[in-house]
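Please walk through this protein chain with me, one feature at a time.

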Amino acid sequence: MDMEWVDETGRHTGYVAAVLADGAEPARVAAGADDSGRRKPWWSYNGADGPRAVGVRGACVCGWRGTETHPITRGDDEATEGAAARTGPYADWEYHVTATEGAIPYDVEQMLTALRARIEDLSRHQPVTALRAAARLEESAPAHTRTAVHAARRALVSWDTIARTLGESPVTAQARFGSDAD
């Protein structure tokens with residue numbers, strides 16, 4: 001079987017799907033054949049024993065399919081799949097997972113928007129009170145971040161993912177949180 005990627009929730013398993021000349025994906029292997037209803041890896045569509053893939057796309061067992069068709073680099077599976085470089089089908093799948101699972105919940109987004117608006121309003125009418133509120137927010141934010149990082153590490157989320165989410169390098173994230181998060 002080909003390379004698969006699983007997200008932290010376990011709800012999304014991504015893979016590289018072969019794309020045929022007409023833009024469709026090959027049908028699954030028929031039940032009763034070797035793989036009994038399973039999909040064949042993208043690289044097996046080399047034209048030797050059936051259709052030849054002209055490209056690949058990211059796919060997920062949840063039914064999602066990437067819209068972009070990426071080129072195949074014959075003889076270099078890593079370059080075609082893009083997992084090591086975080087490009088191509090892998091990057092498309094990762095974006096899908098982030099959009100599906102990683103979005104901030106609506107109620108939290110509403111609270112953040114309301115807090116932002118309230119501090120802006122206080123800034124116009126009670127600037128010292130706005131400063132106090134902003135200072136309290138700055139004071140509490142690192143503790144919330146630490147709590148989230150610890151929970152992510154307990155859930156075996158990689159330092160790469162944590163760092164990317166925080167918008168910093170893995171080295172910086174580990175320096176900030178590593179000693180007490182592992």
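A salt bridge is a side-chain nitrogen of Lys or Arg within 4 Å of a carboxyl oxygen of Asp or Glu. Side chains of opposite charge can pair when their charged atoms come close. The model shown here is predicted, so local features need pLDDT of at least 70 and side-chain atom pairs count only at pLDDT 80 or more, while totals for chains, interfaces and linings use all residues. Residues are numbered from 1 along each chain as its sequence is written, and side-chain values use heavy atoms, with hydrogens and water left out.

How many salt bridges does a search of the whole structure find? The search finds six. One of them joins Glu4 and Arg39, whose closest N and O atoms are 2.6 Å apart. Glu4 sits in strand β1 (residues 4-6) and Arg39 in the loop between β2 and β3, so this pair ties together parts that are 35 residues apart in sequence. Helices (H or I, at least four residues) and strands (E, at least two) are DSSP runs, numbered from the N terminus.

To say how far a residue is covered, three words are used: buried means under 20% relative accessible area, exposed means over 50%, and partly exposed is in between (1.4 Å probe, protein chains only). Glu4 is partly exposed, because its relative accessible area is 35%. Arg39 counts as buried, because its relative accessibility is 11%.

Glu25 takes part in a salt bridge with Arg57 (3.3 Å, N to O). Arg57 belongs to strand β3 and Glu25 to the loop between β2 and β3, so that distant parts of the chain, 32 residues apart, are linked. Arg57 is buried at a relative accessible area of 11%, and Glu25 is partly exposed at 25% relative accessibility. Glu25 also forms a salt bridge with Arg65, where the closest N and O atoms are 2.7 Å apart. Arg65 is in the loop between β3 and α1 (77-81), and this pair links parts of the chain 40 residues apart. Arg65 counts as partly exposed, at 31% relative accessibility. Through shared partners, salt bridges join Glu25, Arg57 and Arg65 into one network.

The next topic is the interior. A nonpolar core is a set of buried Ala, Val, Leu, Ile, Met, Phe, Trp, Tyr and Cys residues joined through side-chain atoms within 4.5 Å. The largest such core has 12 residues, including Trp5, Val16, Trp42, Val56, Cys60, Ile72 and Trp93. At least two residues of this core come from each of β2 (13-19), β3 (55-60) and α2 (88-101). Which of these gives the most to the core? It is α2, with three residues. Another core, of eight residues, lies apart from this one, and among its members are Ala152, Val157, Ile162 and Ala173.

Contacts show the surroundings of single residues; contact means heavy atoms within 4.5 Å. Leaving aside residues up to four places away in sequence, Trp93 touches Trp5, Val6, Asp7, His12, Thr13, Gly14, Ala59, Cys60 and Trp64. Thr80 lies in helix α1 and is buried, at 1% relative accessibility. With the exclusion of residues up to four places away in sequence, Thr80 touches Trp42, Val56, Pro71, Ile72, Thr73 and Pro89.

A disulfide is a covalent bond between the sulfur atoms of two cysteines. Here a disulfide is counted as a pair of cysteine sulfur atoms within 2.5 Å. The structure holds zero disulfides. Cys60 is buried, at 1% relative accessibility, whereas Cys62 is partly exposed, at 44%.

Two features remain. Leu156 is found in the loop between α4 (127-154) and α5 (159-166). Its phi is near 65 degrees, a positive value in a residue other than glycine. Is Leu156 buried or exposed? At 75% relative accessibility, Leu156 counts as exposed. Met111, in helix α3 (residues 106-125), is also exposed, with a relative accessible area of 53%.
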